[in-house]
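User: I would like to learn how to read the features of a protein model with some care. Could you take me through one, giving the general idea before the particular case?

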Amino acid sequence: MDKEMLNIGGTCQYLTCDSYDFLPFRCESCHGRFCQDHRTEAGHKCAHAGEWAAKRLQQQANRTSSPSSGSKPTVLTASQCSHPQCKTLIDTLNSVGVACSTCNRKYCLKHRIPEDHDCKNIIPLGARQGVRGPSQADKARTALGKLKLWGKEKQAAVLPKPKPSTAASRAVALNQLKRTAKGDDKVPLEKRIYLHVEAEANTITSKLPQGAFWYNKVWSVGRLLDDAARGLQVQNVNNRGGGEEERLRIFHVEGGRLLDFGEKAEDVLAQGNTIVLLRGVGPVSAAA
């Protein structure tokens, strides 16, 4: 036989067979090469008969009973939303699970927000029964006490400053405020109210601690607060439905009180007044 032809294929390794096969069969149990007549384990009397089949069955059993951590989530490996009235399976290809850092549970997308799964009334996983933090009412009373003390100190710091005593001097001070103030150019001049705005360092972190701004006097206090927070680059989560401890409020220094979101700016503020952004000081009714 041509030497080049011998490089293709091989001789059957069965003891009594010496036939040459260009495409020999490989036994997965003993790893030998055989011709077509002796390709089966029974045909060549394999010394390791059944080993390959046993390994294959074991591999399949391992994949079924213990899926790898890197495999895609399936219905078999999914868990159920922790909301007591929800049966949605989470951690699947169709529905991801969202962990709540407050109660240490996982929920579907519908119940991922704390208010949607009544998070404030759930004892966190891992916490001891009967051991709970201060209630919202306790927090409000504490914040109210701090607010009253802080308001007195702030008024003492702001109000004793030399105030313009005449109409002319007040006009000069207002004109100076107007020259440095910033705001929306779309607000008509006749509707602008000019204010000093500060961010109280003990309750919030702002990139700009204070500034002079103008706003539309017909705006509500809530809209004015949103614009003031943007002006001082203060994080504002009032419109995200968070708790009172995360809400921003406006403290009117000259009036000595918190302003309600629904009040109109021109009814409670005057040109040149000072307002301060506070966080977590409780609702206006509690501070009244």
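Analyst: What follows goes from confidence to strands and then to aromatic rings. This is a predicted model, in which local features need pLDDT of at least 70 and side-chain atom pairs count only at pLDDT 80 or more, while totals for chains, interfaces and linings use all residues. Residues are numbered from 1 along each chain as its sequence is written, and side-chain values use heavy atoms, with hydrogens and water left out.

User: How is the confidence to be read, and where is it lowest and highest in the chain?

Analyst: pLDDT is the predictor's confidence in each residue, from 0 to 100. Where it is low, the predicted coordinates should not be read in detail. Here the chain averages 78, and 72% of the residues score at least 70. The lowest confidence falls in helix α7 (residues 284-287), with a mean of 52, and the highest in helix α6 (residues 265-268), at 92.

User: How many helices and strands does the chain have, and what share of its residues is buried?

Analyst: Helices (H or I, at least four residues) and strands (E, at least two) are DSSP runs numbered from the N terminus, and the chain has seven of the former and 13 of the latter. Buried means under 20% relative accessible area, with a 1.4 Å probe and protein chains only; of the 288 residues, 30% count as buried.

User: Why is strand β9 described as largely enclosed, and which strands does β9 pair with?

Analyst: Seven of the eight residues of β9 (residues 192-199) are buried, so the rest of the structure largely encloses this strand. Two strands pair if DSSP finds at least two bridges between them. β9 runs antiparallel to strand β10 (residues 210-216), over seven bridges, and in β10 the bridge partner of Ile-193 is Tyr-215. With strand β13 (residues 274-279) β9 is parallel, joined by four bridges, and there Val-197 stands opposite Ile-275.

User: What aromatic pair does Tyr-215 form with Trp-219?

Analyst: A pair of aromatic rings is described by the distance of the centres and the angle of the planes. Rings of Phe, Tyr and Trp (its six-membered ring) pair if their centres lie within 6.5 Å; planes under 30 degrees apart count as stacked, over 60 as edge-to-face and the rest as tilted. The structure holds three aromatic pairs. Tyr-215 and Trp-219 form a tilted one, at 6.5 Å centre to centre and 50° between the planes.

Key:
Buried < 20%, exposed > 50% of the residue type's maximum accessible area, 1.4 Å probe, protein only.
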